[in-house]
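Please look over the sequence and the model shown here before reading on.

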Amino acid sequence: MQKIAKFFMVSLIIVALASLPALTQAQSGGKILIMARAADTTGLDPHKQTAFASLRLLELIYEPLVTLDQDLNIVPMLAESWEFNADSTQLTMKLREGVVFHDGSTFDSADVKATFTRLLDEATGSAARSNYTSITSIDTPDAYTVVFNLNTPDVPILAAMASVNASIVSEEAVAANEFEQKAIGTGPFVLDQWIPEEKTTLRRNDNWWIEGPYPDGVEMRVIPNEATIVAALRAGEIDFALLNDPLAAVLLKDDPNIVLNRVPALAYHVFQLNASRAPMDKLEVRQAISCAIDRQEVLDTASLGEGTVTGPLTIPAYQVPTSEFFCYTRDVAKARELMAAAGMADGFTFKTIVANAEPPTALAEAQVIQAQLAEIGITLEIEALELSVYVDRWLKGDFDTAVALNGGRPDPYTMYARYWTKAGNLQGVANWIDDLTDSLMAQGRAESDPAKRLAIFTEFQKHIVEQAPWIWLYNGYEYTAHQPYVEGFIPNPTDSLMSFAAIRLNR
Amino acid sequence: MLRYIAQRLIAFLPTLLGVSVLVFFAMRLIPGDAITAQLGTEAGMLTPTQRAALERYYGLDKPPVEQYFIWLGEVTQGNLGFSIRHGKPVLEVILDRFPLTLQLALMSVIIALLIGIPIGVLSAIYHNTLIDLIGRLFALIGLALPNFLVGTLIIYILSVYFKILPNSGNYVSFGDDPRRNLEQMIFPAFTLGFALAASLMRMTRSAMLEVLREDYIRTARSKGLRERRVTYSHALRNALIPVVTLLGVQAGYLLGGAVIVEQIFALPGLGRLAVNAISQREYALVQGVTLFIAFNFVMINLAVDVIYASIDPRISYGKR
C-alpha cells in the first residue's frame, strides 16, 4: 500500500515539475502574429489551389487586381481603376505604379498579361480558368494599362478577378514555372518556410505599397483538433485562430477573455436532390421533400442554431425574405398532398451521401432530414463517406441525394453558372435545368445595372426554390477568434485574412 | 541464434512485398485520386485537356501495374519516391517524423511499465484484498476510457485551470530543446501509457497468480527463500513472458504512429503523416509510410522472440 502511495506521489511530482517551466514561460513572439488552424495548405500555386486552407495562406503573399471589402464591394488592389465599354465586352484597367514583387522586380501590365495567359492555358490545370474563358485577348497599350477583350458581355468577370486564383504573378515567374516551390507575390508578407502539417512562417514585406504591414511576421500553426485550438487560445499560447466547427466555436461564445468573430458565410448548406433519378424527376416529389423539411430545425439541431436559413443566394445584396420562397415554412399536410398527387402516397426509399466531418455538421444534418422525411413516408438511408470518395461520387452525379456545403461567390453568376446554366461545368452534378433558369442566368451575366440585376436574380431564386432541384438549408458563420490585444482585424464573409496586415499586437 | 535472426530477416522480404502490393492496389481501388483530393469539388471545373495535364503532373497517366513496377524498381534501389506536397523525398519525410513517433512510443511504454507492472504484481500478491480491488479498478478505468477522452480532458484541465498548453502546434524536438520537448511529450505519452498500463497490469496480475500457484514456488518457499526473492526472481520473471508478448504487439502499433493522440496534441508524427497522405491520395507517401511501419512491426516481433530466449532458458533458437 505504501508503495502505491509512494509511486503516485512520485509520478505526480514528475508531472508537476514538467509543467512548471511552461507556467512561467512568457510569450516570446515579439510582434509576430501566432495563429492556428486545423487544416493545412495543400500547395503553393495560387492559380491551382482551391482548398480554403491554401487560399488563406496565399492571400497573404499574393494580390489580385481587385478585391472585396467586408461588405463584398469590389475595391481596387493592383488595379487602381477600371471601366467596361458600353456593351460590357471590353474591360480596361489602370494599374497601380510603384508596386514591386518580393524578388524586387517591378509590377506592370506585362505581368498581368502573363498571369492571365497562364490561367487560361489548359496545360496549367487551373480549375478557376472557367471564370475567365470569355477573355479572347489581352492588350497592353502601356506599362500601366491593360485591356481585356471579351467574346460576350461579362460583368461578373470583375468579381471573379477578386480571387486568390487570379493573383498576379510576375512574367519571370511564369517563365520559370516553379510555383509549387517558390511563392513570389506583391502581398504584405513574404513566405519564409512551409513545413507541411506543422507550421508556415511569413515575414513582413518591407517594400509593400500600402502602409504597413504592422506585424513583423505571421506564424501559422496546424493544430488538427479544433478543441485543442480553443484550449491553446484559452491558455494564451496563440494570438489568433481560424475555426470551422460551430461546436468548437460556441465554446468561446461566453469567454470574456477571448474575442470571437462571427460573420455570415457565403458558403451554404444544401440538400441536393438528383432530379435525373426517379422519383425525384417528378416536380411534386421534389416539392413534397421541400415542404417536409424544417430548415430552422436542421440549423438548430445540427449546428446549434449557428447561422440563418437561406435561399440560393447568400450574398447580402441579393437577399430575398425567406417568407417569399416556396414552402419555407414547414407544411407536412401539403407535403403529403404533393406525394399523393405524384402517386407516391405510400412513400419510397432513397439514399443520401454525406462526407465524414466535411462539414463537421453534415452527418447531423442528414439525420435530422432523415427524421423529418420519415413523417411523410420517405425512408432516407445515409451513406457516410471519406471526403475524397464523396467528392468522386458527387462529381460523377452518382447519388440520389447529397448533403453538401457548397462554396459561395461574391457574384450570383459566378456562384451558380457552374450548376444552373445549360453549359455549366457542373450541370452533371446539378442534374436539373430549364429554359427560364438558363435565360435568367444569361441576362444576369450581361446586365450591369445593379437594380436590374437584383430583379433578375430575385426571379431566379424564387423560381429555382419552387422547382426544388435542391433544398437550400442555411448558411453558417465564418469564425475567427483572437486575444483582446489583437487589434485591427476585419472579419470578412469570404473568411479572408487579408486584414492581417492591419493588425496591431498590443500585448 | 544469429543464423535464426538471418533466416527470419529473409522471411520478412515476402511479407513486405505482400504489404506493398496490397497497399499499392488498395490505394488505387478506392475512389478519388490526387486531383480530386487536391481540388475537391472544383475538380469538376477542369476541361479534359486540363485533367490530362494534371494526370501527367501527378504521374497518374500510366496503367497501375506499370506504375507499381516503376515504383518497385525504385524501391529496390532505396528510393521510396518523392512527395510533391512536402517537396522532399518520401524517405526524408518519414525520417523527419520518425524520431517523434519513436520517442512517444518509448515514453508511453516506460510509463506503462512503471505503472502497470508494479500494480499488477501487488494485485497478485495481495489477491482479493483492498489493494487488489483498487488495482483492478485502475485497470478497468484505463481500459474503459478511450484515449481521445483522456487526452481531451488533460488538455481541458491544463488550459482552463492552469492556463498552459505545452504544445500548441509548436512542437520542438528533443535535440533542439530537451526540456521543452519533454513538457510537450509527457502528456501525450501519459495518455497512451495509461491505457497500455491497464492492459499490462491485468496481464501481469493473471500471469503472476498462475505462477504463484506453481510447485516450484512452493519449493522455493520451503527452501526458506525470502518472500521478496520468491516474488521477484522466481515468479515475476516467469510471469513476464505473456507480458513481453503483449508489450511487443503494442509497441509495434505505437511505432506505426498514434493517430488520435497525435491529432489531439498536435504532434507531427507518423500516424498523422499516414492519414493525411491517404486523404490527399499521395500514393508514394502512403506506400513509403506503410512499408516503413510494416518493417518496424516485423522487426519488433523479431526482437520479442529474441527477448523470450533471454527470459526463459527453455526457449532457444538455433540449437535443436
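## The contact between the chains

In this predicted model, the contact between the two chains draws 57 residues from chain B and 53 residues from chain A. Chain B and chain A bury about 5100 Å² between them, and carbon and sulfur atoms account for 59% of that area. The size of an interface is often expressed in this way, as the accessible area lost when the parts come together.

When the side of chain B that touches chain A is sorted by class, it has 29 nonpolar, 18 polar and ten charged residues. Five salt bridges are counted between chain B and chain A; in a salt bridge between Arg281(B) and Glu386(A), the side chains meet at 2.8 Å, taken from N to O. Across the interface of chain B and chain A there are also 19 residue pairs in polar contact, with both residues at pLDDT 80 or more.

## Two domains in chain A

Chain A is divided into domain 1, which takes in 4-185 + 478-505, and domain 2, which takes in 268-475. The C-alpha centres of domain 1 and domain 2 of chain A lie 30 Å apart. Where these domains of chain A touch, 14 residues of domain 1 are in contact with 14 residues of domain 2.

The area buried between domain 1 and domain 2 of chain A is about 1100 Å², of which 62% comes from carbon and sulfur atoms. Leu72(A), Val155(A) and Pro156(A) together supply 37% of the area that domain 1 of chain A buries against domain 2 of chain A, more than any other three residues.

The count between domain 1 and domain 2 of chain A is one salt bridge, and the side chains of Asp154(A) and Arg445(A) meet in a salt bridge at 3.2 Å, N to O. Three residue pairs in polar contact are counted between domain 1 and domain 2 of chain A, both residues of each pair being at pLDDT 80 or more. On the side of domain 1 of chain A that touches domain 2 of chain A, the residues divide into eight nonpolar, five polar and one charged.

In soluble globular proteins, nonpolar side chains tend to be buried together. The largest nonpolar core in this model has 226 residues, and those with the most contacts inside it are Phe116(A) and Phe148(A). This core draws at least three residues from each of domain 1 and domain 2 of chain A.

Not counting residues up to four places away in sequence, Phe148(A) touches a set of residues that includes Leu65(A), Leu91(A), Met93(A), Val112(A), Phe116(A), Ile135(A) and Met161(A), and also Thr89(A) and Gln90(A). A second, separate core of 31 residues includes Leu44(A), Leu60(A), Met220(A) and Leu242(A).

Definitions and conventions:
Residues are numbered from 1 along each chain as its sequence is written. Chains are lettered from A and ligands numbered from 1 in the order in which they are written. This is a predicted model: local features need pLDDT of at least 70, side-chain atom pairs count only at pLDDT 80 or more; totals for chains, interfaces and linings use all residues. Side-chain values use heavy atoms; hydrogens and water are left out. A nonpolar core is a set of buried Ala, Val, Leu, Ile, Met, Phe, Trp, Tyr and Cys residues joined through side-chain atoms within 4.5 Å. Buried means under 20% relative accessible area, exposed over 50%, partly exposed in between (1.4 Å probe, protein chains only). Domain bounds come from an automatic or database domain assignment. Contact means heavy atoms within 4.5 Å. Buried area is the accessible area (1.4 Å probe) that two parts lose on being put together, summed over both. A salt bridge is a side-chain nitrogen of Lys or Arg within 4 Å of a carboxyl oxygen of Asp or Glu. A polar contact is a pair of N or O atoms within 3.5 Å; within protein, one must be able to donate a hydrogen and the other to accept it, and residues adjacent in sequence count only if both atoms are side-chain atoms. Ala, Val, Leu, Ile, Met, Phe, Trp, Tyr, Cys and Pro count as nonpolar, Asp, Glu, Lys and Arg as charged, and the others, Gly among them, as polar.
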